[in-house]
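Hi,

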Amino acid sequence: MEENKFNFSEEEISSDESVEQSKQAVKADAKGLFLSVKTFLVELLDFRHDTDREATIEAIKGDIPFKGATAWILICSIFVASVGLNADSTAVVIGAMLISPLMGPILGVGMSIAINDIDTLKKSLINLATMIVLSLLTAFLFFKFFPTADLVTNELFGRTKPDVRDVLIAFFGGSALIIARTKKGTIASVIFGVAIATALMPPLCTAGYGLAHNWDYFVGAMYLFTINTIFIALATFIVLKVLRFPMLKYANSKKRKRIAQLASILAILVMAPAIWTFINFIRQSGFENDYNNFVKDEIKSNPELWFQKGTWSEETNKITLFFNGEILEATEADLRNEIKQYEKIKDFDLEIYGNKNRSFDKISDAYDRAIIDLDKKDNVISGLQKQIAELQVEITDLNKVIESNSTQNTMVSFTNLSRDAKVRFSDLQYFGYAKMLESKDFINIDTITVANVKWRSSLKDSLVIEKEKKLSEWLKSELKTDTIILRRN
């Protein structure tokens, strides 16, 4: 039996160990990378270590009182915001938001519930109610007696239709605000930004307008203000709980327990409407999106349909559509069938109204008449344009005559005139004049006389002005003109 000269067993074992070691090294590297990323994210997003609890509580309590200067600041900011809304000026409205003191009591409500401070909660609610009443009264008086108060602007109308975006703005804006307030060294830019984003002042001003002119505007604007208030307070409550702000302790255990229960009930009362509002907005947004998609995809995309307007109502489960022209039964049946494809509005009743008096034939006749009228107007315009062209030619010929006459007399007696000027005004070092043509409307041409002069440099300005005045009068007399323009070199 021949002996095997090659032994591969040791090499195979060595290769297996190398592969295993490589796998272990990769696992170790992956684990290390995961820990590094986790550490980085924790350090990036953790804001607990930079929290100043005592200073935050004191600062929020300091912004709650409402009297004296704070009351007048609120009144002034309400007037500024009302003027901005009435004038449809976004910049003015933003300025009013920045000076408004409304945010203090709202933060106080959220903080007092979070730390179980019933006294601060009472003060916050009382001051917030006082601010709201004073704001509504001020805005009501402005829009009631201001001459253009009946003008409904985009800024006013935009505060009466809250949606889910307003909920998100209030919650995340309030979160950013309370995080900034709890940080050591408050970030002023965040506070200003939240004041602008959450927009507490404009809804109150719009509500004042509603009290003066339109009750529906009052309801919509107060709804928006309530949303902003609740979600800012809710964000404050959640952030302070996450940061584990210490609960207020009472010597009497029964009182402490009772107050804790009361604070919990109030927290639920604050959060319940907020959650209900958010869910309601989500549902309404779903209805509105499906309705808009239905109109866009099934109606506006159809060139045979002349869509005028449409409305939808969740309360009556009804969609009403208005068209110009007649709507055939087949088209109506097709629309009723297509709406079944949209989940949120598939059970809505569809009411379709066409304008039978606006049939296609009548519309075509009206179009033909409009074309004929346009042709007549084009003929009139063409005749007027021809007359204008002829007048322009006449004006051009007249301008040429004026230009020719003026250039012939430009250099008349310049030698004698310059010599006499030097004799009369010995301080002159340079003198020249010419007739210049000018046109202010690029049609008519005028001729003016321009004189260039240079005086001895040692001459004082007061003397120069006096001599130029005399020189101007002399030149008017010599050149027989009413106007001389002197230019100093």
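In helix 15, L417, D420, A421 and R424 meet W474, L475, E478 and L479 of helix 16, where contact means heavy atoms within 4.5 Å. By class, this contact has 5 nonpolar, no polar and 3 charged residues; Ala, Val, Leu, Ile, Met, Phe, Trp, Tyr, Cys and Pro count as nonpolar, Asp, Glu, Lys and Arg as charged, and the others, Gly among them, as polar. The axes of helix 15 (residues 414-424) and helix 16 (residues 461-479) come within 12 Å and cross at roughly 150°. Axes here are lines fitted to C-alpha atoms, for helices over the stretch in contact, with angles from 0 to 180 degrees between N-to-C directions. The two helices are therefore roughly antiparallel (angles under 35 degrees count as roughly parallel, over 145 as roughly antiparallel, 65 to 115 as roughly perpendicular and the rest as oblique). Their crossing is right-handed; that word applies if the near helix is turned clockwise from the far one by less than a right angle, and left-handed if anticlockwise.

Before the other pairs, a word on the model. It is predicted, with local features needing pLDDT of at least 70 and side-chain atom pairs counting only at pLDDT 80 or more, while totals for chains, interfaces and linings use all residues. Residues are numbered from 1 along each chain as its sequence is written, and side-chain values use heavy atoms, leaving out hydrogens and water. Helices (H or I, at least four residues) are DSSP runs numbered from the N terminus.

Next, helix 10 (residues 201-213) and helix 11 (residues 215-242): their axes come within 7 Å and cross at roughly 160°, which makes helix 10 roughly antiparallel to helix 11. This crossing is left-handed. Among the residues in contact are P203, L204 and Y209 of helix 10 and W215, F218 and N228 of helix 11. The contact divides into 12 nonpolar, 4 polar and no charged residues.

Helix 2 (residues 53-62) and helix 5 (residues 103-115) have axes that come within 9 Å and cross at roughly 135°, so helix 2 is oblique to helix 5. Their crossing is left-handed. I57, I60 and K61 of helix 2 meet L107, G108, M111 and I115 of helix 5, giving 5 nonpolar, 1 polar and 1 charged.

Best wishes
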